[in-house]
Amino acid sequence: MIQTENQKNKNDPRENLKKKSRGGKLFAFIPILLVLAVMYVIFWDSREELLSQLKETDKKYFFLMVVLGILYVVIDSVPYRMLVHRIQPSYTLWDSVQITYLGIFLNVTTLGAGIKPGQTYMLSRKGVEPGKAMAILTVPYIYHKAAIVLYATITLLFSRDFIRSEFSDSYHYIYSAYGLSALIITGIILACVCRPVHRLLFAPFDKWIKNKDGKAYHIKEIIKSQLAYLQQESAGILGNVKNTLAITAVYLIKMTCWYVMPYIALKAVHADISVSFMNVIVTSAFMLMIVGVIPVVGGIGPSEFVYILLFSVLYGKVYAGSTMILYRMANYYIPFLIGAVISIYCFKKSEE
């Protein structure tokens, strides 16, 4: 049967992404406006001091933060390359970097809804089946979450007294976020590597959805096939102790790129306060863990709020505000701009 031009466009992942992007652009401004409003309320009385600190920012320290932000993305691309290379030997690290930056760009422009469709489409252009692509894109997420929990566990073991003394009013929330994060990553790993858990997840759907001619049954079977491949891939990787240790080490290094930024930002604004480097690492580790369990779209909002909440204890309100702005520029806004350029390049190249 011959498809009309409208039908072709409707089935084209690029057209779907464009629609999601157009619909999400308006809503993408809502969290940004919310952050600006809260910043206005918090820092209005000290705005002159805050702006003065930002104007006098040491450019070499800020440049170092930007480099670390780029290095974070490159390291984050390594597992994608490892997984895809097993299927497509021609797949390079540069291909993975493009996929990662595309995800950063779509996270903002589509409020996260277009990340996996966009990345899946790009992987399909490299010869990876969509079902396998979805599985491959999910496995690194497991390591990412596991690295955050492992990092927090290590810092918790060695810095319990610091947490209780400096965050006496909020350490219960820190421990609660830690427990919830550990529970989430444990559940994800079990769903991926344990077949009984996999069957248990779909048992209710297999019982309720039995009409093989229905759309729900078709969607259920697609999801089951994707999760089956995900289980196969992740079990093979997570079951290999050598690979697991290697990838976990890579992700711990990746997280360190972000965790040292608040300390470098403190140097950038010429802060005259004495703060331990390790205490900054500890605070950063728990900050990102708390942010990870807060529902958010587009990556804007909780990161700024939690940063100010925790680092105000160490830096004071004004320094927390100025360093937060530099921190988010280096690990969010500049990567987004780079991702926009690379995404345009990717889509243009895919049309050739």
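1. Of the 352 residues of the chain, 45% count as buried, where buried means under 20% relative accessible area, exposed over 50% and partly exposed in between (1.4 Å probe, protein chains only). The model is predicted, so local features need pLDDT of at least 70 and side-chain atom pairs count only at pLDDT 80 or more, while totals for chains, interfaces and linings use all residues. Residues are numbered from 1 along each chain as its sequence is written, and side-chain values use heavy atoms, with hydrogens and water left out.

2. On the fold, the chain has 16 helices and zero strands. Helices (H or I, at least four residues) and strands (E, at least two) are DSSP runs, numbered from the N terminus. Taking contacts (heavy atoms within 4.5 Å) between residues at least 6 apart in sequence, 74% join residues at least 24 apart.

3. Next, the core. The largest nonpolar core holds 90 residues, and Met-65, Tyr-259 and Tyr-315 have the most contacts inside it. Helix H7 (residues 130–158) gives the most to this core, with 13 residues. A nonpolar core here is a set of buried Ala, Val, Leu, Ile, Met, Phe, Trp, Tyr and Cys residues joined through side-chain atoms within 4.5 Å.

4. Please have a look at Tyr-315. Tyr-315 is buried, at a relative accessible area of 4%. Leaving aside residues up to four places away in sequence, Tyr-315 touches Pro-262, Tyr-263, Leu-266, Ile-273, Val-275, Val-280, Tyr-307, Ala-320 and Thr-323.

5. Which residues make up the aromatic cluster around this position? Tyr-307, Phe-311, Tyr-315 and Tyr-327 form one aromatic cluster. The whole structure has eleven aromatic pairs; rings of Phe, Tyr and Trp (its six-membered ring) pair if their centres lie within 6.5 Å, with planes under 30 degrees apart counted as stacked, over 60 as edge-to-face and the rest as tilted. Phe-311 and Tyr-315 make a tilted pair, 5.2 Å centre to centre with 45 degrees between the planes. Both residues lie in helix H15 (residues 302–315), four residues apart, about one turn of the helix. Phe-311 is buried, with a relative accessible area of 0%.

6. Another pair to view is Tyr-332 with Tyr-333: the ring centres are 5.0 Å apart and the planes sit at 85 degrees, so the pair is edge-to-face. Tyr-332 counts as buried at 9% relative accessibility, whereas Tyr-333 counts as partly exposed at 32%.

7. Now the open space. The largest pocket has a volume of about 1200 Å³ and is lined by 40 residues, of which Tyr-72, Asn-107, Ile-115, His-144 and Trp-258 lie nearest its centre. Two or more lining residues come from each of helix H4 (59–85), helix H5 (93–109), helix H6 (115–125), H7, helix H12 (241–259), helix H14 (277–292) and helix H16 (317–350). H7 gives the most to this lining, with six residues. The lining divides into 23 nonpolar, twelve polar and five charged residues. Ala, Val, Leu, Ile, Met, Phe, Trp, Tyr, Cys and Pro count as nonpolar, Asp, Glu, Lys and Arg as charged, and the others, Gly among them, as polar.

8. For the method behind these spaces, a 1 Å grid is laid over the protein atoms alone: a cavity is a set of points where a 1.4 Å probe fits but cannot get out, a pocket is an open set with protein on both sides within 12 Å along at least five of seven lines, and lining residues have an atom within 4 Å of a point. Grid points are joined across faces, edges and corners, and a volume is the space filled by probe spheres set on the points.

9. The count comes to one cavity of 30 Å³ or more, and the largest cavity contains about 40 Å³ of space. Its lining consists of Lys-145, Ile-148, Val-149, Ser-181, Met-289, Gly-292 and Val-293. H7 supplies the largest share of that lining, three residues.

10. His-270 is partly exposed, with a relative accessible area of 45%. His-270 and Asp-58 are 212 residues apart in sequence and 7.6 Å apart in space, C-alpha to C-alpha.
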